[in-house]
Amino acid sequence: MSGYPIVVITGATSGIGQLAAIEIAKLGTKLVLTARNEERAKIAERLIKEVSPDTEVDFYFGDLSLMKDTRRIGLEIKENYPKVDVLINNAGIHGFEQRITSEGFAEMIAVNYLTPWLLTDLLKESLINAENGKIINVASESSRNHGKLKLPDDLIDTSPFTAKGSSEVYGKTKLINIMFTYELARQLSNIKVTANTLNPGFNNTGLGRDLWFSTILGKILKLLNIGNPKRGADLIVRLATEPKFRNITGRYFTVGTGAEIEPVYPGNEKLMQQSLWKITEELLLDYTKK
């Protein structure tokens, strides 16, 4: 097994996840990445190898909207990597219409929250086995547009929504991610594992594939240098690798300055965070059984 630090990244075949993987590779790591298919994995690996030819890249394939796939991936990584130095839960989607997975979950809540929660739970032992394990969850300031958070309803709501209404649903998934991170940090406070979250800023890679004009709009924004994903990727890399963040946990950082920011209510409410954790634990009970 490689003597390099082991860094697990979800959603690393495109967008800020791919950019972060490339930059982290340059620093001397082994990358363990998730992908939906081999074609996208090969493209990502080629880009990584172009800048860091000696970097080892190991892919695990599956659909991260499905808890059964997430469970399988998590257990496979755990078996092959009893020590994981960094887990970056980056994969996320902004769907502009409701889609329900074959397991009965709303796709956005599944990808943006349930999968990070489950994968983190499955890899917890590997992170504890590292000297200073780190968990980094990619959230968003879109969390400020979450409407009203209702638990447990918002975790199991599969009602339809419009493209306009999708922003509120997306915001809720990101608010929940922040709350999850805070509770996770609290639970790991006596162990040398940190958990932090970040706002990567607006990225034109996250416009959503559901909109017919997303490709055109993305090209226009790129031309105008709006929504540059490199800024968000840089913050992920800093949190994952800079010594100054080694002992910092339970914080929410923002793109650009890297300053700590306070989440919108009820993001910082301890009782709500604990309630969210218990509800999620019960909801995913069938998938967490070792």
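What percentage of the 290 residues in the protein chain is buried? Buried residues come to 53%, where buried means under 20% relative accessible area, exposed means over 50% and partly exposed lies in between (1.4 Å probe, protein chains only).

1. Ground rules. This is a predicted model, in which local features need pLDDT of at least 70 and side-chain atom pairs count only at pLDDT 80 or more, while totals for chains, interfaces and linings use all residues. Residues are numbered from 1 along each chain as its sequence is written, and side-chain values use heavy atoms, with hydrogens and water left out.

2. Overall make-up. The protein chain has 10 helices and 7 strands; these are DSSP runs numbered from the N terminus (helices are H or I, at least four residues; strands are E, at least two). Looking at contacts (heavy atoms within 4.5 Å) with a separation of 6 or more, 78% are between residues 24 or more positions apart.

3. Leu149 and its surroundings. Leu149 sits in the loop between β5 (133-138) and α5 (153-156), and it is buried, at a relative accessible area of 10%. Setting aside neighbours within four places in sequence, Leu149 touches Asp154, Leu175, Ile176, Met179, Pro266 and Met272. That loop also holds Pro152, which is joined to Leu151 by a cis peptide bond with omega about 5 degrees.

4. Ile176, one of those partners. Ile176 belongs to helix α6 (residues 166-187) and is buried, with a relative accessible area of 0%. Beyond four places in sequence, Ile176 is in contact with Ile109, Tyr113, Leu149, Leu155 and Leu276.

5. Pro266 lies in the loop between β7 (252-254) and α9 (270-283). A cis peptide bond joins Tyr265 to Pro266, again with omega at about 5 degrees. For context, most peptide bonds are trans.

6. The α1/α2 packing. Helix α1 (residues 15-25) packs on helix α2 (residues 38-51) at an angle of about 35 degrees, and their axes are 9 Å apart. Axes here are lines fitted to C-alpha atoms, for helices over the stretch in contact, and angles run from 0 to 180 degrees between N-to-C directions. On the α1 side, Gln18, Ala21, Ile22 and Ala25 meet Ala44, Leu47, Ile48 and Val51 of α2. This contact comprises 7 nonpolar residues, 1 polar and no charged, counting Ala, Val, Leu, Ile, Met, Phe, Trp, Tyr, Cys and Pro as nonpolar, Asp, Glu, Lys and Arg as charged, and the others, Gly among them, as polar.

7. Cavities. The whole structure has 2 cavities of 30 Å³ or more. On a 1 Å grid over the protein atoms alone, a cavity is a set of points where a 1.4 Å probe fits but cannot get out, and lining residues have an atom within 4 Å of a point. Grid points are joined across faces, edges and corners, and a volume is the space filled by probe spheres set on the points. The largest cavity holds about 40 Å³, with Lys134, Ile135, Ile136, Thr194, Asn196, Leu239 and Phe245 as its lining. β5 contributes the most to that lining, with 3 residues. The second largest cavity has about 30 Å³, and helix α4 (residues 107-129) gives the most to its lining, with 3 residues. By class, the lining of the second largest cavity has 4 nonpolar, 4 polar and no charged residues.

Methods. On a 1 Å grid over the protein atoms alone, a cavity is a set of points where a 1.4 Å probe fits but cannot get out, and a pocket is an open set with protein on both sides within 12 Å along at least five of seven lines; lining residues have an atom within 4 Å of a point.
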